[in-house]
Amino acid sequence: MVRQLQVTEVLESITEGFFTLDREYRFAYVNREGERILGKSRGELLGSVLWEAYPGFRDTEFWRMYRDAMTEGKTSSTTAFYEPHQRWYEVHAYPAPSGVAVYFRDVTAQRQAADELQRLAAESDRQRRIYEVFLNNTPDLIYVFDLDHRFVYANDALLAMWGKTREESLGKTTREMGYPEWEVERHDREIMQVIATKKAVKGEVPFEGTGGRRFWDYTFAPAIAPDGSVVAIAGTARDSTERREAEDFIAAQARRLEEADRTKDEFIATLSHELRNPLAPLRNSIALLRMQPEQGGDGAARLAEMMERQVNHLVRLVDDLLEISRVSRGDFTLRRERVQLGPVVRNALENCASVLQARKHVLNVSQPAEPIWVDADSVRLAQVIANLIDNAAKYTPEGGRIDVTLSREGDTAVATSRA
């Protein structure tokens, strides 16, 4: 009797559920943990038949275990899902003189944790394979250093550039990989800087690999753990050779263009000086012609005036050539003065005379009797009006009429050309 009490005390104190079934599959004993797991009191369970207390139990793996223990004396264990409870149970069945003894425990939480761990592992493996596909199919070099400056990862592009296998490369430093000493020292400094500052560094270096000497833009960035410490240094490098070559080509082209522009300026400046040489005696000749009007009469005087206007116009244009550097920058200087609009228009018409005569146009100029004064650069204004008349001549049929009208509208002078 004492021994039976001791056994009962032990069974009541264990952390596993325990019950016994008699030969009729009736509950003969259930400990406290068994009551808690099964969700029924001893009063409900003792004396009741197993499948009456739990309908549908005969279709379970647990039932087959209890039957084999009862009829064949087999000891067995299993972990299975019990649908009515929506739980996983780990069960051990032992044959007993009076029937069957069963130890069991609810392992749902452990099973769910294991399933979740398995799911995460599968997901992690899937993600790893996705990342590896991406990392190994990019032309960029991707790699990881540990805190001892050793390569712990290198993608296929980097291995191909080295001409080495992953086994030959991982675990080695840049020095052991044959990098030149200046680059080894540079990268060691940069890795230490990333660890100390937790900030990325960038640079560009040449490297002699299997594809020859190429230039690479690279970045070292810290891999930071949840506690804020740097656990690794991730790096990427992109081939910048073509970009550098393009930049060098553009720079060389810019230098050539600059030299060509300088040569052009020198040529135009020289040409301008040469153009000025015949202009001086020409102007002097006009002055002499004006001093002797009796030889040519009024016609000679008018011719001298026209020649003088055109020579002055040509002198102004040559002066513009001397300032070619300012013209190249778009820095035109307007020589504004108070001038009459009529003579400016007459000067423009003289410039267009050959075009008008060639197309046999009839030109009519209309202007008020009183002079119209404007504040303008007479040469530039003559060029504008000449362009207007020239355009009218281009689009007027041969033998047509072109009207040029000068007028005043308030404080504004108006010049119009109409075909």
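The charged end of Arg58 lies over the ring of Trp63, 5.3 Å from the ring centre, where "over" requires CZ of Arg or NZ of Lys within 6 Å of the ring centre and within 35 degrees of the ring normal. The model is predicted, so local features need pLDDT of at least 70 and side-chain atom pairs pLDDT 80 or more, while totals for chains, interfaces and linings use all residues. Residues are numbered from 1 along each chain as its sequence is written, and side-chain values use heavy atoms, without hydrogens and water.

**Exercise 1.** Find the ring over which the charged end of Lys40 sits.

*Solution.* The charged end of Lys40 sits over the ring of Tyr54, 4.8 Å from its centre.

**Exercise 2.** Classify the aromatic pair of Tyr25 and Trp51, and state how the pair relates to the chain.

*Solution.* Step 1: rings of Phe, Tyr and Trp (its six-membered ring) pair if their centres lie within 6.5 Å, with planes under 30 degrees apart counted as stacked, over 60 as edge-to-face and the rest as tilted. Step 2: Tyr25 and Trp51 are 5.4 Å apart centre to centre with 50° between the planes, a tilted pair. Step 3: because Tyr25 lies in the loop between E1 and E2 and Trp51 in helix H4, the pair ties together parts 26 residues apart in sequence; helices (H or I, at least four residues) and strands (E, at least two) are DSSP runs, numbered from the N terminus. Step 4: Tyr25 is buried at 9% relative accessible area, whereas Trp51 is partly exposed at 22% (buried is under 20%, exposed over 50%, partly exposed in between, with a 1.4 Å probe and protein chains only).
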